[in-house]
Amino acid sequence: MPIVVEQLNDATCRDRQDLHKIYQDAPAWLFEPFTDGTQLIHKCLEDGALIAARFNDRLLGAARLQRHQDVWHLSQMCVRNVTRRRGVAERLVSEARKMATQHGAELKLLAPSGQLEAQALAAKLKLALEQA
């Protein structure tokens with residue numbers, strides 16, 4: 001069964017549990033401008049700005065996708081620790097890029113300045129990095 005990337009609009013109780021597991025061991029800088037994973041999840045679900053990677057009815061990764069006219073920003077991307085290094089982040093980026101292109105926009109990774117992990121990820125995924 002393939003990894004399916006979806007816009008997460010109506011998160012079930014299980015989805016919310018999975019989201020908390022995804023973000024529970026994320027570095028603190030990943031949450032900016034939010035204070036923690038709970039606030040990030042709540043606000044992004046409220047705004048309809050959360051995309052998620054699902055496999056066998058469980059969420060493995062998630063990211064915030066902000067849509068603007070010409071540029072879409074992908075940020076706060078995190079994959080559950082036990083499923084890292086299996087292509088989940090690449091799948092999230094690939095689908096976000098496809099959605100942005102279909103709407104005539106460019107996809108950029110948005111991260112706080114000076115974060116080497118974000119720079120490395122952007123280079124690996126051939127994604128423009130915009131530092132905040």
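Asparagine 56 is partly exposed, at a relative accessible area of 45%; buried here means under 20% relative accessible area, exposed over 50%, and partly exposed in between, with a 1.4 Å probe and protein chains only. Before going on, the terms of use: this is a predicted model, so local features need pLDDT of at least 70 and side-chain atom pairs count only at pLDDT 80 or more, while totals for chains, interfaces and linings use all residues. Residues are numbered from 1 along each chain as its sequence is written, and side-chain values use heavy atoms, with hydrogens and water left out.

Back to asparagine 56. Its phi is positive, about 50 degrees, although the residue is not a glycine. Asparagine 56 sits in the loop between strand E2 (50-55) and strand E3 (58-67). Helices (H or I, at least four residues) and strands (E, at least two) are DSSP runs, numbered from the N terminus.

Arginine 85 is another non-glycine residue with a positive phi, in this case about 70 degrees. You will find arginine 85 in the loop between strand E4 (71-79) and helix H3 (88-102). The residue counts as exposed, at 82% relative accessibility.

Now a peptide bond. The one from glutamate 32 to proline 33 is cis, with omega near 10 degrees. Proline 33 belongs to the loop between helix H1 (13-23) and helix H2 (37-47). As background, most residues other than glycine have a negative phi, and most peptide bonds are trans.

That loop also holds glutamine 24, which is exposed at 63% relative accessibility.

How do H1 and H2 pack, at what angle and with what distance between axes? The angle is about 135 degrees and the axes are 9 Å apart; axes are lines fitted to C-alpha atoms, for helices over the stretch in contact, and angles run from 0 to 180 degrees between N-to-C directions. That makes H1 oblique to H2, given that angles under 35 degrees count as roughly parallel, over 145 as roughly antiparallel, 65 to 115 as roughly perpendicular and the rest as oblique.

The contact, meaning heavy atoms within 4.5 Å, involves Arg16, Leu19, His20 and Tyr23 on H1, and Gly37, Thr38, Leu40, Ile41 and Leu45 on H2.

Glycine 37 lies in helix H2 and is buried, at 11% relative accessibility. Apart from neighbours within four places in sequence, glycine 37 is in contact with Tyr23 and Phe31. Its C-alpha atom is 9.4 Å from that of aspartate 25, which is 12 residues away along the chain.
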